[in-house]
Amino acid sequence: MPATDTVSLRPTVSVIVPARNEEACLGACLQSLLAQHGVAFEIIVVDDQSTDRTREIAASFPSEHVRVIDAGPLPAGWTGKNNAMASGAKVARGEWLLFTDADTIHFPGSLPRSVEEATRHGAAMLSYSPEQIVKTFWEKAVMPVIFAELASSYRPSQVSDPKSPAAAANGQYLLITREAYAAVGGHAAIAGNLLEDVALARAVKRSGSKIFFRYGGDAVRTRMYRSYSQLHEGWTKNLALLFPSPARLAVQRGIEFVLIVASFASSFASALRGHRQPAIMPAILGVILYALFLTRIRRAHFSWDANILALFGLPLFSYLLLRSKRQHATGNVHWKGRSYSEEGSLLATGH
């Protein structure tokens, strides 16, 4: 049903949008959500102590369509995002809860289709990995590398298999039944976890409920980071938590970059000196290594130009992995003006 009718019935879905300093993207996100039809829903924007125009933008939408609440003071031991999402869940009235980021754009009809898809698969939690919008050189270089690794480490077929212990979710689009959410304790049970989407998925799967996870480029898209500084800070926060052996992975990808570049460089140098035969073998090696690299990268669903530039993202990925590992080891992780320290669990120390 149209968004204008959502207030007349008990909503089937409560869409919860945590927002902290999201003036660049919140308006477009809310417009795409309000355009949904075919299911009763409500939209709850949780303002997490924003210092920009986030609240003003949210409040500019009719209050009968978009409800704006405050996350409130950050409790000790909580991350800001977990606190905001828990605050939204407390006032939500829907049978399903959709947690979605303020930088997402939702395609028409995606909300009812996601509920239908979750129901059809008997899943208590459905999560889409959105299409990633990349515009700058650094986004195009590093994002395909990271998402290719994620696709290898968190295989949707295994995550969606109840017999497999693998569990994952993407917090940019996470749909869960109210019953399953309450059964695992909601975000209060993972209050200090910076990787809240995966932590919640693991809790849901441990409880015996089913997860359905897939690439959702047909439903939602997002631009995660709009500058190098945001990309640098965001992946520093997450990478060491996403991969079990970040240092080893950093070394592997660094070696892969060196081998590909060195093979082509050696072949080119030999050819310039007129040594055609010695140039053939390193050229063949370089082609084979680069083809294997592209095969892996293509699983991440990026455009052709981003796939090509991804080669230059390998050393940056290695650097970010090592930086993330170091920051978590020293308890010095920063995100959106807050600092988090690790002492057995991740504790919020900022405001």
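This short talk looks at Glu-42 and the sheet around it.

Hi everyone. This is a predicted model, where local features need pLDDT of at least 70, side-chain atom pairs count only at pLDDT 80 or more, and totals for chains, interfaces and linings use all residues. Residues are numbered from 1 along each chain as its sequence is written, and side-chain values use heavy atoms, with hydrogens and water left out.

Let's start with the sheet. Seven strands form an open sheet with mixed pairing, in the order β3-β2-β1-β4-β8-β6-β9. Strands here are DSSP runs of E with at least two residues, helices are runs of H or I with at least four, and both are numbered from the N terminus. Two strands pair if DSSP finds at least two bridges between them. Strand β1 (residues 13–19) runs parallel to β2, joined by seven bridges; Ala-19, for instance, has Asp-47 in β2 as its bridge partner.

Now to Glu-42, which sits in strand β2, residues 41–47. Is Glu-42 buried or exposed? Glu-42 counts as buried because its relative accessibility is 8%, and buried means under 20% relative accessible area (1.4 Å probe, protein chains only).

Which side chain does Glu-42 reach with its own? That would be Ser-14, through a polar contact of 2.5 Å. A polar contact is a pair of N or O atoms within 3.5 Å; within protein, one must be able to donate a hydrogen and the other to accept it, and residues adjacent in sequence count only if both atoms are side-chain atoms. A polar atom of the Glu-42 side chain also lies 2.7 Å from the backbone nitrogen of Arg-93. Thanks, everyone!

Note on methods
Buried means under 20% relative accessible area, exposed over 50%, partly exposed in between (1.4 Å probe, protein chains only).
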